[in-house]
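Reader: I have a structure open here and would like to go through it. Can we take it step by step?

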Amino acid sequence: MAAKEAIIITDKDEMRKWTRSMRGQGNTIGFVPTMGYLHQGHLSLVQDAHNQADLIVVSIYVNPGQFSPNEDLSTYPSDFQGDIEKLNSVPGGVDVVFNPKNLYDYGNSQIGNGSERNLEESEGMVVSCVEDKGMGHETWVRVEKLEKGLCGNSRPAFFRGVATVVTKLFNIVEPDVVVFGKKDYQQWRIIQRMVRDLDFGIKVIGSEIVREHDGLAMSSRNVKLSPADRQRALSISRALSRAQVEAKKGQVNCRELINTAILTISEAGGTVDYAEIVDQESLEPVETIKRPVVFCVAVWFGKVRLIDNMEIVV
């Protein structure tokens, strides 16, 4: 049986028109947002989406709104043709790949009074980090409590950019179901809360972490690890697994579990950005495990920052 070939759509209006047409025929739409350079973890999200909806849309878009000025957007890995081949090979395939050029480019857009301004006329206006000229994008979505802490400490603009672009994608794709990976645990919880708070009619699914055979959580950044750092990075999953086992044996003092994990990772050569045990929903730090928690870490190996987590229920 020949693999299904996805339709590639780049235009926002065309994407919205397709969704509305398919829903008019009685179909439900599943959506998987990605930044491309896909691996098996992403493909597992697509497979989960197939269990929730009739038709599947995957977006491939590297969002400039979540990169700070000191992060080089141009170095984010990309392999669009390889991504398409991988998506076409998924059982059931993908119906649409939405690959917009720039979701923050509004051209000669109209402003509130209906008048149009070209780029020259808008020079000098206060604009956001997304554009340095033109009308600029200045509307942001914030999930104020959940975006603080964990990755929000070292990347303060990151989740503002994530929530905003996901909102834009939701308004364009108009899905019934969306699937996010739990490896980006904070991101998943932020999107859940945003959908609830803003009354999106979308079901948000959290898909379990997919790991390499040796335990390393799959990530597009893994390819940037040197062979030596790739081996050292295995200390992350070892540390988390040990904490999970110890908690189930009765060690519920979070500081003890965190200190042991930090020692394991540091001895392997990693630099810990953060290691925290937090409530699964509020993401607030917990001192003693009495309810479901998640142990979240971010670690530098060389110039590569890796995140991972493990849920703990005792």
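This is a predicted model: local features need pLDDT of at least 70, side-chain atom pairs count only at pLDDT 80 or more; totals for chains, interfaces and linings use all residues.

Reader: Let's start with strand β2, residues 29-34. Is it buried or exposed?

Author: Buried: this holds for 6 of the 6 residues of β2, so the strand is largely enclosed by the rest of the structure.

Reader: Which residues of β2 point which way?

Author: I29, F31 and P33 point one way, while G30, V32 and T34 point the other way. Residues on either side are buried.

Reader: And how many bridges join β2 to strand β3?

Author: There are 6 bridges between β2 and β3, the latter being residues 55-60, and the two strands run parallel. Within this pairing, G30 stands opposite I56.

Reader: What do β2 and β3 make with helix α2?

Author: A right-handed β-α-β unit, in which α2 covers residues 40-50.

Reader: In which sense do β2 and strand β5 pair?

Author: In the parallel sense, over 2 bridges, with β5 at residues 177-181. F31 has V178 of β5 as its bridge partner.

Reader: Changing topic. How many cavities of 30 Å³ or more are there?

Author: The count is 2. The largest cavity holds about 930 Å³ of space.

Reader: Which residues are closest to the centre of the largest cavity?

Author: H42, Y76, K183, D184 and Q187, out of the 49 residues that line the cavity. Elements that give two or more residues to this lining include β2, α2 and β5. Helix α6 (185-197) and the strands β8 (293-301) and β9 (304-312) are also among them.

Reader: Which element gives the most to that lining?

Author: Helix α5 does, with 6 residues. Its range is 158-173.

Reader: How do the lining residues divide into nonpolar, polar and charged?

Author: In the largest cavity, 25 are nonpolar, 16 are polar and 8 are charged.

Reader: What about the second largest cavity, what volume does it have?

Author: About 50 Å³. Its lining is made up of K183, L216, A217, S219, N222, I236, L306, I307 and D308. By class, that gives 5 nonpolar, 2 polar and 2 charged residues.

Reader: Which element has the largest share of that lining?

Author: β9, with 3 residues.

Reader: How do β8 and β9 pair?

Author: They pair in the antiparallel sense, over 9 bridges.

Reader: Is D279 buried or exposed?

Author: Buried: the relative accessible area of D279 is 12%, and the cut-off for buried is under 20%.

Reader: What separation is there between the C-alpha atoms of D279 and I289?

Author: They are separated by 8.9 Å, and the two residues are 10 residues apart along the chain.

How values were computed
Residues are numbered from 1 along each chain as its sequence is written. Side-chain values use heavy atoms; hydrogens and water are left out. Buried means under 20% relative accessible area, exposed over 50%, partly exposed in between (1.4 Å probe, protein chains only). Helices (H or I, at least four residues) and strands (E, at least two) are DSSP runs, numbered from the N terminus. Two strands pair if DSSP finds at least two bridges between them. A crossover is right-handed if, with the strands pointing away from the viewer, the path from the first strand over the helix to the second runs clockwise. On a 1 Å grid over the protein atoms alone, a cavity is a set of points where a 1.4 Å probe fits but cannot get out, and a pocket is an open set with protein on both sides within 12 Å along at least five of seven lines; lining residues have an atom within 4 Å of a point. Grid points are joined across faces, edges and corners, and a volume is the space filled by probe spheres set on the points. Ala, Val, Leu, Ile, Met, Phe, Trp, Tyr, Cys and Pro count as nonpolar, Asp, Glu, Lys and Arg as charged, and the others, Gly among them, as polar.
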